[in-house]
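Me: I would like to go through a protein model one feature at a time. Please give the general idea before each case.

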Amino acid sequence: MSTSLQDANSGNAADLIKHSVYLQTLATLLECEPWSNGLHLHECHAGRGIYQPQNTKENNKGNVQRLLLSPNLLLARQQWTVLKQLGLDDTEIAHGNCYAGSACLNAATLSDTKHDTHFYEQDPGVGKDLEHSVRRLKATTSVYSGDGEAAIAKICANFDSRCVIILDPFCISGSMRKRN
């Protein structure tokens, strides 16, 4: 896995907040019908799945290290769970060398076969990394290469109340927005 712009942004404050909100939203939905009986997730701009946080001016790697030392936070617990499932050892996790993105967090959260997960990634190389990561967490997940927003727009008329769509707020219509 090589480093990238996505690695440079992973673990920044906005990323941690975004993933916390996604996880808490899914946890809340899964407590209620109809989602508890089968949630259908469609996530656009799904990214690589696993990232290598960098020590940028935002101290992203330090943010991840502090997060992982906070066991009372849902995001911290889910990070540990996912990274362990992907074969990382405790030392590597504690040092903040890797960070699970929303696709991996969501695939693990929805690992029960009654739930469907569909991830869309525009960049084919990033999509291959994504597929490798999420399939290790949920074998039945679907990964699509191309414009997720356009793909979902074509099929959303067929969606029912069990469908949840996630659009990365920092990446709309295939262009990365500046996060500061």
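Reply: Start with burial: buried means under 20% relative accessible area, exposed over 50%, and partly exposed in between (1.4 Å probe, protein chains only). Buried residues make up 45% of the 180 residues in this protein chain. The model is predicted, so local features need pLDDT of at least 70 and side-chain atom pairs count only at pLDDT 80 or more, while totals for chains, interfaces and linings use all residues. Residues are numbered from 1 along each chain as its sequence is written, and side-chain values use heavy atoms, with hydrogens and water left out.

Me: What is the mean pLDDT of the protein chain?

Reply: pLDDT is the predictor's confidence in each residue, from 0 to 100. Here the mean is 89, and 89% of the residues reach 70 or more. Over residues 174-180 the pLDDT is below 50, although this stretch has 19 contacts in the model beyond near neighbours in sequence; contact means heavy atoms within 4.5 Å. Where pLDDT is low, the predicted coordinates should not be read in detail.

Me: Which residues have the most contacts inside the largest nonpolar core?

Reply: A nonpolar core is a set of buried Ala, Val, Leu, Ile, Met, Phe, Trp, Tyr and Cys residues joined through side-chain atoms within 4.5 Å. The largest one has 35 residues, and Val82, Cys104, Phe119 and Val134 have the most contacts inside it. Among the elements that each supply at least two of its residues are α4 (74-85), α6 (102-109), α7 (124-137) and β6 (163-166). Helices (H or I, at least four residues) and strands (E, at least two) are DSSP runs, numbered from the N terminus. Leaving aside neighbours within four places in sequence, Val134 touches Ala103, Cys104, Ala107, Phe119, Thr141 and Val143.

Me: How many salt bridges does the structure hold?

Reply: Side chains of opposite charge can pair when their charged atoms come close. A salt bridge is a side-chain nitrogen of Lys or Arg within 4 Å of a carboxyl oxygen of Asp or Glu. The structure holds five. One of them joins Asp15 and Lys18 at 3.3 Å, N to O; these residues are three apart in helix α2, and therefore separated by about one helical turn.

Me: Is Asp15 buried or exposed?

Reply: Asp15 is buried, at 5% relative accessible area, and Lys18 is buried at 10%. In another salt bridge, the closest N and O atoms of Arg135 and Glu131 are 2.5 Å apart. Arg135 is partly exposed at 33%, and Glu131 is partly exposed at 30%.
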